[in-house]
Structures are given as C-alpha cells and as structure tokens.
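Please read it beside the coordinates.

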Amino acid sequence: MLTLLAGGRVIDPVNGRDEAGDVWMRDGRIVDAPRETRPDATYDATGKIVMAGAIDIHSHIAGWNVNTARLLLPEYHRAAMARPATTPLSYAGWSTFETGGRYATMGFTTVVEPAVSPHYALHAHLELADTPIIDKATLAMLGNDDYLLSLLRAKESESAIEDYVAWVLEMSRSIGIKVVNPGGAAAFKENVRAFSLDDVVPHYGISSRQIVKALQRAVNKLGVPHPLHVHCNNLGLAGNVETALETIEAAEGLPLHLAHLQFYSYGSDGERGFSSAAARLAEAVNAAAAAVTVDVGQVMFGPTVTSSADVLRQFNARHRARPKKWLILDGDANGAGIVPYEYRRSDFYNAVQWAVGLELFLLIDDPERVFFTTDHPNGAPFTSYPEIFALLMSRDLRAKWIADLPSAAMAVTTLPSIRREYTLPEIAVMTRAAPARLFGLTDRGHLGAGAVADVAVYEDDADRAKMFRAAALVFKDGELVVRDGGVLRHTWGRALTVAPQRDRAVDRRMKDYYEERYGLADDLFKVPADALGRPEPFEVVPCRP
Amino acid sequence: MERAWVAGEPVQLDAAIAEAAKLVAASRQPLIAGLGADVAGVRAAISLAQRSGGVIDHMHAESLLRNLDVARSSGVMLTTPTEAEVHADTLLVAGPVRQTTLFQQLVSGSSRRTTGAKVRRIFWLCPESGTATAVAGRDSVNVVGRALRDLPAVLAALRACIVGRPIAKTAISVRTLEQLSRDLKASRFGVAIWTVAHVDALAIEMLCGLVDDLNAKTRFSTLPLPPADNALGALHACGWMTGLPMRTGFGRGHAHHDPWLFDSRRLIGGGETDCVIWISAYHAEAPPWREAPPTIALTADGAAFRVPPRVHIAVGVPAIDHPAIHYLPSTGTLSAVAASQPSTRISVADAISRIAASLPDDGARRC
Ligand SMILES: [Zn+2]
C-alpha cells in the first residue's frame, strides 16, 4: 500500500525540512518519493501543516494509580458527553479507550507512562494494551525499593546494581528508569515527614543523592537511551528551587532528566512567601550540560486529580484535596497518593504555578531540552495541550490571560515581561524531534525515509488551540486513523521496551530474594510476553552498544 | 464429561454457543452477573455488555462498593499485603476474618522490619464467633470486644480516645480503650485489617478515620481483605475499560454507573432484564435468585442451579485449566499464573468471544 500525502507544509526539523512538499508512506514506513509508481491513495494536504506524530514523554495514563483515581472519581464522568458509538466504549469518559482516541485526535502517536511500580507492571501493561491507536512505553520506578537500598548499604559493586536495573527493565517491560523522591517513600515508612537531597533513609544509611547517582550511573552504563528520569524531593514546596538546582548540579554533566520542573521552581519571596524562581532555574538549565533535560508539568485551571508515586508529598497534601477525599498507598517500594485538586484562577498560588510553567517554556532557550508536559493529570489533563500550544505561540493571548489573574501573583513572576513566541518548527522540535531523541527512537519524531509512518496533519488555523485540538488527518503506521478530529478506526499499538544485557546470575539472586522476602515466586510479578492478548504487544528499542 | 447443555440436554459446544447468541441477540437489556472470571473473561464480558446495551455486575459488588464508597467520600490510607507482611509490627483486626492463607501468614508471621520490634502485636476488635481462637495460641493476640454489632461504637470510642476526646460508654471499659490507644500509638508501622464482606460502611469509615488520626504521630495503614472470585481484578478491569466500577449499564448509549439501579437482584426482582449471563468460573456458584429470565450459565463444574439455565457451558477454572491473569491476595495485584492442570476446557473469555462472534452485525465494534 503506497500512500501520498501531497502538498502540505512539511515541518520536519530532523531532516531540515520546512517547505511545501510531499510525504510518501509504504507499508507503515515513510519512504522516499518513488520514481514511477502511482500511489494507491492520495490525500491533499495543500495549505495544511504536516508533522511527524507527536510524542508525550510524561503522562500518567495507565496503571494502578491512575485506575484507582478513576474509581475514586466517578463524578468526573458525569460531565462527559456521550460520543458517537461507532467504536468500542468510545463514550466512556476517562477509560483507556478514550485516552488513546483523544491523544490520536490531537496528532499524538506515542505516549510514555512514567510511573510504573515494578510490582504493578502487568496491570499497567494490561491497561496500555487496551489503549488504542497510540504506541506507549513505561518507566519503571526504582529508588525506594529495599533491594536497591540494600545493595547500596552493603556497598555492592556497580555491576550488581546494573544487573538489577537490567532485570527490572525486563521483568516490567519498561523503556527506562524513573526515581521518585529518591528514598522519600522508604523514609516515610520510618515516619520521616520531610526529605531532601542529602537526607538519609533511616536504617539503610543512604542519602537521596547517593540513590540518584547510583541509578544515573547504572542507566548510563547499561546504554539505556533514556537518561535517569528524576522526580526530585520537595515537590510543590515554597523555596524548593534550591532542591532543583542542587539536583541539576548533581547530574555532573551526565545525562539526567528532571520531570515536571514547574513544581520545583518556587522561591519564597513576596508577602506570601511564595514566588516564581523559574527565571533562575531556566538560567541554570541553559548553563548546564546539554545532557541535562527537563519537562515542564504545566498547570492549567480547572478540576483535576493529582496522582503521584511521591507518597510523602501526597500524604502531606492530602488535607488540601478538592473535593475532600484522598487515598495514600504505602506500596512495596514507592507507593502512591491520589489527591483530587482544582487549580483556580483566583487562587494566588495556582496563578503563580500557571505562570511558572510558561516562564520555563519561554526562558529555556533550546526547545530540544525542554519537554512539553502537564504531568497529566497532575498539572492539567492532557486534553488541555491545545490551549498551552496557543499560549506558547502568542504573547497577546498570554497578556489576555494575565489580565484576568491576580496581579499580586503575576508580580512575583517574570511572565508579563516575556515576549518570546514559539514557532511551528520549535513546536515540532519540542514535541517530535526531541522526545524521539530522548528515548533513542531513531525511527520516530521525523519524516525521513525509514521512519515509522506516524504523521499528523493540521489545518493552518490562526486559532492554534483549534488547530491542535483536532488534527485534519492522522496516520498511525501508515494507516489513516483520524479525520477532521474524529477517530476513524481503532488500531492497537505497541509498548516500546529496552532489553540491556545483564549477567544472568542476577536472575537466581532475584528468585531467592523474592522467596526470602515475600515467600513468593518472582515470576508472579513479571509481565510475560504472551500475557496481553495482542499480536505484537512489544517492540524492543536498541540500547547503545 | 459433558461440557455444554441446552435446556438440560447435553449438546455440542457449538450448539450451546449458537443458542446463547440467539438469546443475547433477542435481548433488550442482557444482564451479565456473577462475573467470577479472570481478567480476560471480565474484559470479554464488559465488551459484550457494551455491545448489547447490557448491564455488568459482580457477585461481590455489594461489599466491594461499600469499601470503595468510603474512599469515594473521605480519606484512606492503604498498604499492600506484601508490605504489611514485611513491615507491620502491629495489626489491628476488625470484625470476623476468614482464615485465608494470607491472613494466617500475617497473624502468625513476625515483622521483617529492619528497625523496632520483630514480634508482631495483634489486636482484634469484635471478632464475633470463635474466629479469633485460630490465632489465640499466640500470647500477643489481644481480643477487645466480641459482638460484631458493637464494632462501630467500639471504633468510635477508640478514635475519641486516640485524639483525646471524651469517650462515650461502650461494651469496652475506658481502661482497656486507653491501653489499646497507647499500644496503637506506640507502633512503628501498624496495619488495620478487615474483611470487606463483613464490616459495614460506618465501621469502615471509623477505621479509616482512626488510621488517619494515628498518622499524626506514627505510621499506620489499612489492608481491607477483598472478596474472592477475582473481585478486585474485575473492579480494575471495569475501571480502565469504562472509567467506572461494576454495576454499570450501557443501555443509554454511554456507560452509566448506578449501584442501586444496576444491582442484579433488583433487576431480576423487578423483571427489568430479559436475559442473564451468569459467570462463575472459580467456584461453580449458582445465581442466588429463585426466578429468572432465560439464563446462560458459564460456570465451573458442579453448579447446583435453583433455576435451570437455558444454556449451560462448563468452563475451565482460571489458573487450573488454563493460564490466567487475575488478582492474587498474596501479591496484592494482577498476576499472570500458569495452568496447574491444563485442560481443553473453554475459558470464559473464549466462550463469550464465540457468543459475540455469533451475534448478527458482528463488525468493527469488537475490542
Ligand atoms: Zn509525573
């Protein structure tokens, strides 16, 4: 099957293209223009914008935490409109089916679920297997687990840690490793209520910094393309910019990704002791090594639910729940906290948070190092992305929003003075080229020959929110799945994983460990290849040699 | 051995599937109840309910939803069975508890905590009958109160004691409550345990509130013991596929959750359904009602029906006849388990998929 997408404005920064031209697809891949063959299907993209499918690097879309949030918040569905019943369960407000479809209609074709407890990995993959159209990947969480902390306490070799990390990546079928409030959840079980980078987990005698460094090293040494993904200590607290700055410094120039930096960009200036420190942090990111990357975690106003593996932070925030209900899980390692919340325009703190996110987007120079996220659903649901693109692309639009927000809040940020506007090629870098590179996905995020034929086509509408909300056409693996913002058909994507080499002796050690600690077979926690009931549920992304 | 029956007569599986499909196709609102199936079976059942404008319920929905309701209206601290087993130095058991393997392990094991006491202290509130005697051999079990009906009042008094409010008079002496309060506060990581089937909403709310209060100074969590028949697995599958728990109907063109409206017994009693698909792959449980519309029963061997089903298919038991993914009480999560005695028995998922495939207009709506 040869498909021609003709005459659109092709924005493909990886291949240096920004021009009116054609994109050819054959059998699920992008191909060079064939010499004599006629296409089996032609789509006219004249006057439209053509980009690779977008990649979301951090969005909590599946797994025990998200699903428990669904079950706790039935009221979030009542408002959901009935949708045409042409697709299975398409109208079920917040289901996996809806998630895949809504991402696809915005032109997103790959999404990373960033917080999977290794013991809940099978659950997460079952949900992802029921999330249509998009491809997905998971990050496995380590850093609050007894096994790693025990290795560190016993001063085991670096290779012992690498073998363990490789074992976890395989048993959980993940694409990378995330650490969430390193050591904080383990310390919370020992009744610690505040935990910073140089605090020590009781009994293990290991600091948060040591955990970060050990995991960063192991991930890098294994050749896993995605650097260690760090959710720092002290999320959400006034003055926590110091924690973020220390963590950036702790990267020591090696690859490290800091998640949802917006939640760590707070100073303690002003009458209320809460201010934006985004400018300072952006400067630090600009000055840091290129291997240090961040995503934003933009806040938008409205009701949402915070769902985080940072159990200590969620516990401390539980009584601020809006509406007043919450669930805190002391898990096997990280645990979880689900706290519904509503960001309000009239709320000083929420308004500062909104501005801080935009400041980070606009003050970090290189769109390849600042990633587009709302930390869905923590800062805002992913369905708010179109509005955020519009805000990034227009200072006039920002000025309108700013005029409606508490002036005291805007006064403790630099946002009103920022004139930068994102261009479409910069959006393409931030949401396509850079994410693919950050995860080692050489055949995604661009439209060169050989790339996966994931393509999004948008109307070139001056209303950028409208443009990004409903793609004109979306191709997944070369197949047309969205037209005029509506899902045409449900295909089933794959979960991308890595499989770094390891010394197989670790398998025996893990078997013994699970037997000893839990009296259970380690197999009961693994994700078997054939468990998901889809023909090709996984695709292995190569590690660096 | 026979595997399929129509109107009590043994038939080929194909004939039973065809008859079942005929019943579903003719139905205005099929009720899928019981739902004792592995995750694949539950997924197939939900898809069929959606496709046929039916209703999805589970035989243990009552107690599952009672527990969930507390979380949907207040705050809950929760832990995993594995974490409780490794970490808890104190257990606060409330009401009668079935002597499951997990529970036996929890009460007879010792804390593998790396700090603090190794011997797990156990306090048991209102165990009702002789259930507490099973562990009474341990000197560390302190039974407080007896009758289950006293539990909410005892919990209320205990909670008042913990936060230093005046204590109402209950079946338990103030001295005992004060001692218990001191003991709970002295724990390093305590876990409150109850069986969701046995404890009422008021008691669950009290337990959750009490645990939250204890966290002001120390660490405490809860471990509600879920019903069998993959009830939690079914709850989660409903959650991700529909965004809602079971007792959800699809007749209005969208998923609509209403624990009263879509209660199987009420639908049967009120004659609001014209076809029942009853699923019990784990325990060969028969439907509890005495009168029912035409029923398609997918059960393990040996179900004793009060009302003979129109179609009966003997299905395999998950993780015995065929590999299965389901909730395990020991892991506290969905686990993939191999078949212990593999057989050719059809699984619930396959049976429902075949029924669905035999419906008219079987098209793009399958998932
Ligand atoms: Zn996150």
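The numbered points below go from the basis of the model to its individual residues.

1. **Basis.** This is a predicted model, in which local features need pLDDT of at least 70, side-chain atom pairs count only at pLDDT 80 or more, and totals for chains, interfaces and linings use all residues. Residues are numbered from 1 along each chain as its sequence is written, chains are lettered from A and ligands numbered from 1 in the order in which they are written, and side-chain values use heavy atoms, with hydrogens and water left out.

2. **Overall form of chain A.** Chain A has 18 helices and 26 strands. Helices (H or I, at least four residues) and strands (E, at least two) are DSSP runs, numbered from the N terminus. The radius of gyration of chain A is 22 Å, close to the 24 Å that the globule rule gives for 545 residues, so chain A is as compact as a globular protein of that length. That radius is taken over C-alpha atoms, and the rule is 2.2 Å times the number of residues to the power 0.38. Along the principal axes, the C-alpha atoms of chain A fill a box of roughly 70 × 60 × 45 Å.

3. In chain A, 66% of the 545 residues count as buried. Buried means under 20% relative accessible area, exposed over 50%, and partly exposed in between (1.4 Å probe, protein chains only). The accessible surface of chain A comes to about 18,100 Å², and 50% of it belongs to carbon and sulfur atoms. Areas come from the Shrake-Rupley method with a 1.4 Å probe; for residues, only the protein chains shown count as cover. Among contacts in chain A with a separation of 6 or more, 76% come from residues 24 or more positions apart. Contact means heavy atoms within 4.5 Å.

4. **Helix 4 of chain A.** Nine of the nine residues of this helix (residues 121–129) are buried, so it is largely enclosed by the rest of the structure. The buried residues include His123(A), His125(A) and Glu127(A).

5. **Aromatic pairs.** The whole structure holds 30 aromatic pairs over all chains. The ring centres of Phe372(A) and Tyr385(A) are 5.0 Å apart and their planes are at 85°, so the pair is edge-to-face. Phe372(A) is in the loop between strand 20 (370–371) and helix 13 (385–393) of chain A, while Tyr385(A) is in helix 13, 13 residues apart. Rings of Phe, Tyr and Trp (its six-membered ring) pair if their centres lie within 6.5 Å; planes under 30 degrees apart count as stacked, over 60 as edge-to-face and the rest as tilted. Phe372(A) counts as buried at 4% relative accessibility. Tyr385(A) counts as buried at 0%. Ring pairs link both into a cluster whose members include Tyr103(A), Phe361(A) and Phe468(A).

6. **Charges over rings.** Arg420(A) lies over the face of Tyr422(A), 4.4 Å from the ring centre. In chain B, Arg266(B) lies over the face of Trp260(B), at 4.2 Å from the ring centre. The test is NZ of Lys or CZ of Arg within 6 Å of the ring centre and within 35 degrees of the ring normal.

7. **Asn191(A).** Asn191(A) lies in the loop between helix 7 (184–189) and strand 10 (200–201) of chain A. Asn191(A) is partly exposed, with a relative accessible area of 28%. Leaving aside neighbours within four places in sequence, Asn191(A) is in contact with Lys217(B), Thr218(B) and Arg219(B).

8. **Backbone points to check.** The peptide bond from Arg322(A) to Pro323(A) is cis, with omega near -5°. Another cis peptide bond joins His376(A) and Pro377(A), with omega about 0°. Pro377(A) lies in the loop between strand 20 and helix 13 of chain A. In chain B, Asp229(B) has a positive phi of about 60° although it is not a glycine. Asn230(B), also not a glycine, has a positive phi of about 50°. Asp229(B) is buried at 7% relative accessible area, and Asn230(B) counts as buried at 6%.
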